[in-house]
Amino acid sequence: MTATLTKETPGPVEEPVLRKPSARKRLVPYWLLLPGILWLLVFFALPLVYQASTSVQTGSLEEGFQVTWHFRTYLDAFTEYWPQLLRSLLYAGTATLLCLLLGYPLAYLIAFKAGRWRNLLLVLVIAPFFTSFLIRTLAWKTILADDSLVVDVLNALHVLDVTSWLGWTEGERVLATPMAVVCGLTYNFLPFMILPLYTSLERIDGRLHEAAQDLYASPATTFRKVTFPLSMPGVVSGTLLTFIPASGDYVNAELLGSTDTKMIGNVIQSQFLRVLDYPTAAALSFILMAIVLFMVTVYIRKAGTEDLV
């Protein structure tokens, strides 16, 4: 009795049927976005529209303001207050550059060299936020006072001679000068630079540094060819988070500066709360917003990265 072996041919494979998600499931992402959208609508979009309408109004506080589409307010505001606008961009740019020069080495140290002290150093970076912005700025009035140790050291090192020649200080006095305002801006916004830089540097694979060393690259070449290019998202994020709020700041110029160091934020505050010229204040706000938005757009394109941390 012989047994015959037959090869069974597999039947047709049934493809899985892809079911379309129900309408309720498709709407879940939009329901999750709804709180954020409502928040932006109520606290950003609507105030922005209100400010836009205010900027084209005419009238007075006694007679009332009416929308007359008076766009000349923008031209008049820019013509009269362009020095404060330029000064704000200069101070903010200088503070941003100083934050980058001070923050990058510290972020590099925390990311690669801190070891078990990393968490402690990060806490120390954000520790100033536990104190009021106003109190931190007022503290600099003591630090930069005429009889303070800091001013004595700067004077002994002849640093004030250079800054006086540049017009950033007046003789042996630092307080109520552009240098004092920039120091306050740099200190208050330094954590906004350090944290994005640390996040970007911490993501860099350490084996890339080892590979660069195996290829006989010097530490300077490794930093220039590997570390800094890979940390560019943090550089871009940090500079934006520093420059944008610094350009509209008015507290540091008010407390650490003088009438010759007023920034555009001081002008806007004065127009809103003292002069009560609401259209001019609103127009200046939109002018500053437009200038900063243009500069940020150009900067991001020139930086060559949109991968922001």
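Is Asp146 buried, exposed or partly exposed? With a relative accessible area of 41%, Asp146 is partly exposed, and it should be kept in mind throughout that the model is a predicted one.

1. The salt bridge of Asp146. The side chain of Asp146 meets that of Arg173 in a salt bridge, with N to O at 2.7 Å. Because Asp146 sits in the loop between α4 (133-143) and α5 (149-156), while Arg173 sits in the loop between α6 (159-166) and α7, the pair ties together parts that are 27 residues apart in sequence. Arg173, for its part, has 32% relative accessibility and so counts as partly exposed.

2. Other salt bridges. The count for the structure comes to four salt bridges, one of them being that between the side chains of Asp76 and Arg72, at 3.6 Å from N to O. Since the cut-off for a salt bridge is 4 Å between such atoms, the pair of Asp76 and Arg72 at 3.6 Å is counted. Asp76 and Arg72 are four residues apart in helix α2, and are therefore separated by about one helical turn. The relative accessible area of Asp76 is 35%, which means that this residue is partly exposed.

3. Asp205 and Arg207. A further salt bridge is formed by Asp205 with Arg207, where the closest N and O atoms are 2.7 Å apart. The accessibilities of the two partners can be set side by side: Asp205 counts as partly exposed at 33%, whereas Arg207 is exposed, with a relative accessible area of 60%.

4. Aromatic pairs. How many aromatic pairs does the count give? It comes to 13. Among them is the pair of Trp39 and Phe43, whose ring centres are 4.5 Å apart and whose planes stand at 45°, so that the pair is tilted. Trp39 and Phe43 lie four residues apart in helix α1, and so about one helical turn separates them; both residues are exposed.

5. A ring pair between helices. The rings of Tyr104 and Phe223 have centres 5.6 Å apart and planes at 85°, so this pair is edge-to-face. The pair links distant parts of the chain, with Tyr104 in helix α2 (residues 72-113) and Phe223 in helix α9 (residues 219-230), 119 residues apart. Tyr104 is buried, at a relative accessible area of 8%, whereas Phe223, at 32%, is partly exposed. Elsewhere, ring pairs join Phe129, Phe133, Phe189 and Phe192 into a cluster.

6. Cysteines. The structure holds zero disulfides. Cys99 is in no disulfide, the nearest cysteine sulfur being that of Cys183, 11 Å away, and Cys183 is likewise in no disulfide. Cys99 has 0% relative accessibility and so counts as buried. The C-alpha atoms of Cys99 and Thr186 are 5.8 Å apart in space, although the two residues are 87 apart in sequence; Thr186 is found in helix α7 and is buried, with a relative accessible area of 7%.

7. Thr199. This residue is placed in helix α7 (residues 178-202), where, at 26% relative accessibility, Thr199 counts as partly exposed. The side chain of Thr199 reaches the backbone oxygen of Leu195 at 2.9 Å. The C-alpha atoms of Thr199 and Ser231, which are 32 residues apart along the chain, are separated by 8.9 Å.

8. A nonpolar surface patch. Which residues make the nonpolar surface patch of about 1300 Å²? They are Leu27, Tyr30, Trp31, Leu34, Leu38, Trp39, Leu40, Leu41, Val42, Phe43, Phe44 and Leu46. Val42, one of these, is found in helix α1 (residues 23-55) and counts as partly exposed at 42% relative accessibility. The patch also includes Trp39 and Phe43, the residues of the tilted ring pair.

Definitions and conventions
Residues numbered from 1 in each chain as written. Predicted model: local features only at pLDDT ≥ 70, side-chain atom pairs only at ≥ 80, totals over all residues. Heavy atoms only, no water. Patch = residues over 30% accessible without salt bridge, like charges linked within 9 Å, V, L, I, M, F, W, Y side chains within 5 Å. Areas by Shrake-Rupley, 256 points an atom, 1.4 Å probe, with all protein chains shown as cover. Helix = DSSP H or I, 4+ residues; strand = E, 2+ residues; numbered from the N terminus. Buried < 20%, exposed > 50% of the residue type's maximum accessible area, 1.4 Å probe, protein only. Phe/Tyr/Trp six-rings, centres within 6.5 Å; stacked < 30°, edge-to-face > 60°. Polar contact = N/O pair within 3.5 Å; in protein donor to acceptor, adjacent residues only side chain to side chain. Disulfide = S-S within 2.5 Å.
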